[in-house]
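Hi everyone, thanks for coming. Let me walk you through a structure that may be new to you.

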Amino acid sequence: RRHHLLIMDVMRIGGLWSAEEIADATSIDYVAVGKRMCELRRKQLIHRTDEKHRNRSGRKAYKYALGR
């Protein structure tokens, strides 16, 4: 899928990413990024870290990294 490739390209830059940060970097809708992140986790291409970040709505969101 195109979205999977865009998300993985951004994450290859390095560091930890929240779904909101990936949405900002790729111009993919935030909700779509969230769905793609779940799919990528199921495929074990990314994993959710213990680190969280406060998003624009003020809620805490997990950060993700490449790999298991």
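Before we look at any side chain, one term: a polar contact is a pair of N or O atoms within 3.5 Å, and within protein one of them must be able to donate a hydrogen and the other to accept it. Please also keep in mind that this is a predicted model.

With that in hand, let's begin at Arg-54, which sits in strand β1, residues 46–54. A polar atom of the Arg-54 side chain lies 2.6 Å from the backbone oxygen of Gly-58. Leaving aside residues up to four places away in sequence, Arg-54 touches Arg-59 and Lys-60. Is Arg-54 buried or exposed? Its relative accessible area is 52%, and the cut-off for exposed is over 50%, so Arg-54 is exposed. Along the chain, Ser-18 is 36 residues from Arg-54, yet their C-alpha atoms are separated by 9.4 Å.

Now for another arginine. Arg-36 belongs to helix α3, residues 30–42. With 13% relative accessibility, Arg-36 counts as buried, because buried means under 20%. Again not counting residues up to four places away in sequence, Arg-36 touches Arg-1, His-3, His-4 and Ile-7.

How do α1 and α2 cross? The axes of α1, residues 2–11, and α2, residues 19–26, come within 10 Å and cross at roughly 105 degrees. The two helices are therefore roughly perpendicular to each other.

Note on methods: Residues are numbered from 1 along each chain as its sequence is written. This is a predicted model: local features need pLDDT of at least 70, side-chain atom pairs count only at pLDDT 80 or more; totals for chains, interfaces and linings use all residues. Side-chain values use heavy atoms; hydrogens and water are left out. Axes are lines fitted to C-alpha atoms, for helices over the stretch in contact, and angles run from 0 to 180 degrees between N-to-C directions. Helices (H or I, at least four residues) and strands (E, at least two) are DSSP runs, numbered from the N terminus. Angles under 35 degrees count as roughly parallel, over 145 as roughly antiparallel, 65 to 115 as roughly perpendicular and the rest as oblique. Buried means under 20% relative accessible area, exposed over 50%, partly exposed in between (1.4 Å probe, protein chains only). Contact means heavy atoms within 4.5 Å.
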